[in-house]
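Here is a short note for a colleague opening this entry for the first time. Please keep the sequence and the 3D view side by side while reading.

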Amino acid sequence: MRDPLPERLPNGKCVNGSINGLANGVTNIAVEQLQWRKTAAAKQLKREQILAAHQNWRLKEPVPSAVKDVSTLALKELTDREREIVHLDATDLVRFLRNGHYSAVEVTIAFCKVATVAQDLTNCLTEIFFDEALQRAIELDDYLKQTGKVLLSIFLLLHRLIVIHSKPVGPLHGLPVTVKDHILMKGHDTSSGYISWAFQRIADRDAVAVRILRDAGAVFYVKTANPQTLLSLETNNNVWGRTVNPYNRALTPGGSSGGEGALIALKGSPLGLGTDIGGSIRLPAAHSGLYGFKASVARIPHAGLLGMSRPSYVYVYFIYFLVAIGSHDGMDAIVGVLGPLARSARDLALFCRVMLAAQPWLLEAPLLEMPWKDGLADGIGLPPKLSFAMVWDDGVVAPHPPLAHALNRIKRTLIGAGHEVIDWIPRNHQEGWDLITQLYFLDAGKEYFDTLAESGEPAVPQSEWIFSHARDKPYSAGEIFELNLARDAFRADALAHWNQTESRTSTGRPVDAIISPVAPTLAPPHDTTVSWTYTSHWNLLDYPAAVFPMGRCTAYEAELTASFGPARNPTEHLVQDQWNEAPERAIGLPVGMQLIGRRHNEEKVLAMLQVVEHALNEGRT
């Protein structure tokens, strides 16, 4: 008779029900735990050895762990010229690099210095390759000098009075760019937050977006942290550990592009590549006081992300097509997108312009052939009076007072600038969350569990939380068909709902855009992010959305009285408690909002973002 013992150990491996079987299983777990910790230690040691070679770039004095706000510390050891460099956005930097005001080498060194300190302060980096970056910067500077010499020779031969301009490699000549860990970069590991992939996933090619940026003249110098599974709105994994928020290290920077958010916030990068399937660009941007952009699917290159299996390559006439799409390769019920985190709205447009100027649809088969429309992105053709809908509450979780205060400020400002603002009537946001979590876990999480079991590493808390949304068994083909039909019906209903706003506007049109919080809270404590509906809803609908900063929470805003009603669900109860128990925690934290547009209206979204920002800036004067 079998002993009444578990048939499955915590690592997911089956054992028999005997005492001996259990003892052997426990021994195996102990061995696996030792091994995965050794792997993590080896990865972290390699990273530290690279940083230690640049000890002079680090802060002279260590920062005590009790110091929570480190947002101003990363620049302490820089020269005045280096501070000037790292304060510039990408658009200004490429202009100064192109005209020779700064060299690619000095710009690269400045950002490498800040990235080194940012790592010490927030644990935001994974792979580091400063030497490779400096060699690339030297080559770019030499190229600029050589093209200038050629043009000068032509001038001397023709004896003509002309202005001599050196020729850059491309539109991003010498611009430092950082990349989220799971995006393939030739020659570098892609552990993606999994112990079993550490040292095992050296990319032999660039992701399509990385290739385009490299050809445009970008300089790559680090990769940045993402969480275990990538399906998380925080950034924590067993390979590298937890990434923290530079404005308060007791709080999360968001995820899954949290390494990018922390690094750019500390001015360790002017432009970063993130990905988003539920809020993973937008939430780190909001929690770090940055700009971020999630386009609709099939607009921006997305091939070459290491998800749950190795990426595949197909060669056709000497052109490679990356056919991997990221986590759960081959799953297209819900698809993520790649996009930028940046310092300015115009940098979001710069990124999109460079991506689409490269005609990526010739490299990545699923992409739509939709060239970037510069005029529209600059606002040409926008109606002089726009109509916006405000999401005061998504019907699932009401936002904290600083976010409601920011929404009111936007409303007053836009009305004062001659635009119209109406209330957005939330529709089916909880139902949308229930549906998208089913689409995330069509295989009941099998690939996640299998990948964790390869090394025996445990799930981190945020992984455990999202796993709780998976059912016990995979969906059948018939059930997947039904879910896809439900998704399409949900999108059709949402489209009709948007169109019906025409009856409530004075413009004779439906609203032009929606303005919404990115989350119901500012950056929360670690392992407490449980509300996705302000971001994942727009992934389900495949609507583009741009995040923009609204400054930092003041003591006045932290003292605002919350007008919460009775909690409608356990998630809202937790979110209300977070505010009621410690409203002062919000002081100094970034406040961000998102502007949402119709599907594949990326240029219009960025044009309307300029309108909103202009109105807000005018309102400050």
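The numbered points below go from the whole protein to single residues.

1. First, a caution: this is a predicted model. Every value below is computed from it.

2. Start with the overall make-up. The protein has 621 residues, and 58% of them are buried. Its secondary structure comprises 19 helices and 15 strands.

3. Next, the contacts. Take those between residues at least 6 apart in sequence: 78% of them link residues at least 24 apart.

4. The surface comes next. The accessible area is about 24900 Å². Carbon and sulfur atoms account for 56% of that area.

5. Now look inside. Nonpolar side chains tend to be buried together in soluble globular proteins. Here, the largest nonpolar core holds 170 residues. Leu213 and Phe548 touch the most other members. Helix α4, residues 104-122, supplies the largest share of this core, with ten residues. Another core, of five residues, lies apart from it; Trp36, Ala40, Ile195 and Val239 are among them.

6. Which residues does phenylalanine 548 touch, leaving aside those up to four places away in sequence? They include Leu290, Tyr291 and Ile410. Val591, Gly592, Met593, Gln594 and Leu595 also touch Phe548. So do Leu609, Val612, Glu613 and Leu616.

7. Finally, check helix α3, which spans residues 90-98. Its buried residues include Ala90, Asp92, Leu93, Val94, Phe96 and Leu97. Just after α3 comes glycine 100, with a positive phi of about 85°.

Methods: Residues are numbered from 1 along each chain as its sequence is written. This is a predicted model: local features need pLDDT of at least 70, side-chain atom pairs count only at pLDDT 80 or more; totals for chains, interfaces and linings use all residues. Side-chain values use heavy atoms; hydrogens and water are left out. Helices (H or I, at least four residues) and strands (E, at least two) are DSSP runs, numbered from the N terminus. Buried means under 20% relative accessible area, exposed over 50%, partly exposed in between (1.4 Å probe, protein chains only). Contact means heavy atoms within 4.5 Å. Accessible areas come from the Shrake-Rupley method with a 1.4 Å probe; for residues, only the protein chains shown count as cover. A nonpolar core is a set of buried Ala, Val, Leu, Ile, Met, Phe, Trp, Tyr and Cys residues joined through side-chain atoms within 4.5 Å.
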